[in-house]
Amino acid sequence: MFDLVHTTSTSDNAGMAGLRADKLLADVGRGLVSGTKVATQMGWRPVEAVAAGDQVLTFDGGLQYVTDVRRDVIWTGGSQGAPDTWPLFVPAGALGNREDMYLMPHQAVLVESDTAEAVFGDPFAMIPAAALEGFRGICRVAPAERIEIVTITFAQDEVVFANIGALFFCPASTDLLDMPASDYATMSLEQADTLVGFLEMEDMGHVPVKQATAAFRMVA
């Protein structure tokens with residue numbers, strides 16, 4: 001089943017929206033769902049209110065200027081669409097977020113982990129949101145018939161704060177064919193699934209370092 005995607009960009013010289021009928025919901029699998037709040041120079045604002053030229057607080061670079069904003073308005077087919085393309089519902093507190101929020105399955109999320117620090121020497125790991133299904137109450141939900149996905153970009157790759165605590169990756173380019181090498185390496189889904197399994201053990205107060213090291217060697 002094909003979805004209708006109505007796409008606009010603040011850098012579009014024509015200033016006109018393009019209508020596409022050949023794009024699946026899965027093709028817009030990353031970006032922030034409308035309503036997600038990001039930290040800006042003017043305080044917390046819904047991501048759909050951010051425009052090119054605004055400053056957004058980033059994890060490593062402080063306030064950085066937004067170079068472009070892409071908006072994809074998708075008619076999804078609701079519950080009739082493929083479940084593996086559905087967004088994930090993230091209850092308040094699951095990722096440090098103070099409010100309920102939604103994630104697209106391919107959106108990269110930065111998580112803090114004792115296991116990652118023990119195995120890789122870095123407490124922060126970038127994983128695709130799809131790996132979080134089932135973790136701390138995070139679950140797939142059928143999308144509304146119409147949803148808006150907002151992708152903000154910067155001059156370089158950045159990680160932004162959302163809903164007061166969650167950390168999301170924003171690449172410098174949204175064109176997969178023109179994406180520069182990134183300082184932020186995202187784990188494969190298999191690696192991320194492995195890490196989330198150990199995050200669940202961390203929640204129970206146990207970090208089996210030797211077991212984790214062996215497990216990651218198997219999925220490397």
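Isoleucine 164 is partly exposed, with a relative accessible area of 28%. Here buried means under 20% relative accessible area, exposed means over 50%, and partly exposed lies in between, with a 1.4 Å probe and protein chains only. Isoleucine 164 sits in the loop between β15 (158-162) and β16 (166-170). Its phi is near 60°, a positive value in a residue other than glycine.

This is a predicted model, in which local features need pLDDT of at least 70 and side-chain atom pairs count only at pLDDT 80 or more, while totals for chains, interfaces and linings use all residues. Residues are numbered from 1 along each chain as its sequence is written, and side-chain values use heavy atoms, with hydrogens and water left out.

Next comes confidence. pLDDT is the predictor's confidence in each residue, from 0 to 100. The protein chain has a mean pLDDT of 85, and 84% of its residues reach 70 or more. Over residues 1-6 the pLDDT is below 50, yet this stretch has 34 contacts in the model beyond near neighbours in sequence. A contact means heavy atoms within 4.5 Å. Residues 11-22 also stay under 50, and the model has 16 contacts for them beyond four places in sequence. Where pLDDT is low, the predicted coordinates should not be read in detail.

Now the chain as a whole. It holds 3 helices and 16 strands. Helices (H or I, at least four residues) and strands (E, at least two) are DSSP runs, numbered from the N terminus. Of the 220 residues, 45% count as buried. Take the contacts between residues at least 6 apart in sequence: 61% of these join residues at least 24 apart. The chain exposes about 10800 Å², and carbon and sulfur atoms supply 54% of that area. Accessible areas come from the Shrake-Rupley method with a 1.4 Å probe; for residues, only the protein chains shown count as cover.

What lies inside? The largest nonpolar core has 41 residues. Such a core is a set of buried Ala, Val, Leu, Ile, Met, Phe, Trp, Tyr and Cys residues joined through side-chain atoms within 4.5 Å. Ile152, Phe168 and Leu195 have the most contacts inside this core. Helix α2 gives the most to the core, with 5 residues. Phenylalanine 168 has partners that include Leu32, Met101, Leu103, Val109 and Val160, not counting residues up to four places away in sequence.

Follow helix α2 itself. How far apart are the end C-alpha atoms of this helix? At 1.5 Å a residue, the 15 residues of α2 (residues 189-203) should span 21 Å, and the end C-alpha atoms are 21 Å apart, which agrees. The expected span is 1.5 Å times one less than the number of residues. The buried residues of α2 are Ala192, Thr194, Leu195, Val196, Phe198, Leu199 and Glu202. An α-helix has 3.6 residues a turn, so residues three or four places apart point the same way. The buried residues of α2 pack against β11 (108-112), α1 (114-120), β12 (124-128) and α3 (209-219). Just after α2, glycine 205 takes a positive phi of about 85°.

Turn to a loop residue. Leucine 95 is found between β9 (88-90) and β10 (101-103). Is leucine 95 buried or exposed? Leucine 95 is buried, at a relative accessible area of 14%. Its contacts, leaving aside neighbours within four places in sequence, include Val90, Leu103, Leu132 and Ile138. Leucine 95 and valine 111 are 16 residues apart in sequence and 7.6 Å apart in space, C-alpha to C-alpha.

Glutamate 148 lies in strand β14 (residues 146-153). It counts as buried at 17% relative accessibility. Among the residues it touches, beyond four places in sequence, are Glu48, Arg71 and Asp72. Tryptophan 75 is in strand β8 (residues 68-75) and counts as partly exposed at 37%. The C-alpha atoms of tryptophan 75 and arginine 146 are separated by 4.5 Å, though these residues are 71 apart along the chain.

A few residues remain. Arginine 136 is in the loop between β12 and β13 (139-140). This arginine has a positive phi of about 50° although it is not a glycine, and it counts as partly exposed at 40%. Cysteine 139 is partly exposed at 33% relative accessibility, whereas cysteine 170 is buried at 4%. The structure holds 0 disulfides, a disulfide being a pair of cysteine sulfur atoms within 2.5 Å.
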